[in-house]
Amino acid sequence: MQYSEKVMEHFANPRNVGEIENADAIGEVGNAKCGDIMKMYLKIDNGIISDVKFKTFGCGAAVATSSMATELIKGKPIEDALKLTNNAVVEALDGLPAVKIHCSVLAEQAIKSALWNYYEKQGIDPKPIVGEIGECEHCH
């Protein structure tokens with residue numbers, strides 16, 4: 001299996017690892033059965049994601065996609081984070097092997113799960129804004 005230099009770089013030196021105390025939003029996706037679990041923490045100020053951290057239990061591609069996804073949404077408006085697709089994460093990493101695409105799907109879902117949590121905390125129905133998060137097809 002061949003990984004791009006960017007994937008290897010984000011695996012070896014992941015960005016934004018950890019958790020945020022008093023996070024405005026927390027999302028978790030994946031399951032132990034498939035072996036990849038991602039947890040995202042967001043700090044949101046005036047509609048901007050001012051900080052984002054992640055904890056991922058999984059393979060190198062799962063760590064790399066989590067790291068890249070946090071880089072792509074940090075400092076951006078919530079609307080941009082909601083539009084982030086797994087394909088954008090894959091492109092930013094200069095590609096992923098086909099059997100690892102599900103890792104990028106989990107990264108997208110972790111962000112959406114956190115934003116779902118954010119809107120629920122605000123007393124706003126997240127479904128019309130965030131949409132269906134769905135399950136990782138690889139895990140089921």
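Author: Happy to! Let us begin with a term: a residue is buried when its relative accessible area is under 20%, exposed when it is over 50%, and partly exposed in between, using a 1.4 Å probe and protein chains only. By that cut-off, 46% of the 140 residues of the chain count as buried. Please keep in mind that this is a predicted model, where local features need pLDDT of at least 70 and side-chain atom pairs count only at pLDDT 80 or more, while totals for chains, interfaces and linings use all residues. Residues are numbered from 1 along each chain as its sequence is written, and side-chain values use heavy atoms, leaving out hydrogens and water.

The chain has six helices and three strands, where helices (H or I, at least four residues) and strands (E, at least two) are DSSP runs numbered from the N terminus. Their order from the N terminus is α-β-β-β-α-α-α-α-α. The radius of gyration, taken over C-alpha atoms, is compared with a globule rule of 2.2 Å times the number of residues to the power 0.38. For this chain the radius is 14 Å, close to the 14 Å that the rule gives for 140 residues, so the chain is as compact as a globular protein of that length.

On to the core itself. A nonpolar core is a set of buried Ala, Val, Leu, Ile, Met, Phe, Trp, Tyr and Cys residues joined through side-chain atoms within 4.5 Å. The largest one here holds 36 residues, and M40, L42, I73, I111 and L115 touch the most other members. At least two residues each come from strand 1 (25-31), strand 2 (36-45), strand 3 (48-57), helix 2 (60-73), helix 3 (78-83), helix 4 (86-92) and helix 5 (101-121). Helix 5 gives the most, with nine residues.

Leaving aside residues up to four places away in sequence, I111 touches M40, A69, I73, A81 and L84, a contact being heavy atoms within 4.5 Å. Across the chain, 60% of the contacts with a separation of 6 or more join residues 24 or more positions apart. In soluble globular proteins, nonpolar side chains tend to be buried together.

Finally, two loop residues to look at for contrast. N16, in the loop between helix 1 (5-12) and strand 1, is buried, with a relative accessible area of 12%. N46, in the loop between strand 2 and strand 3, is exposed at 83%.
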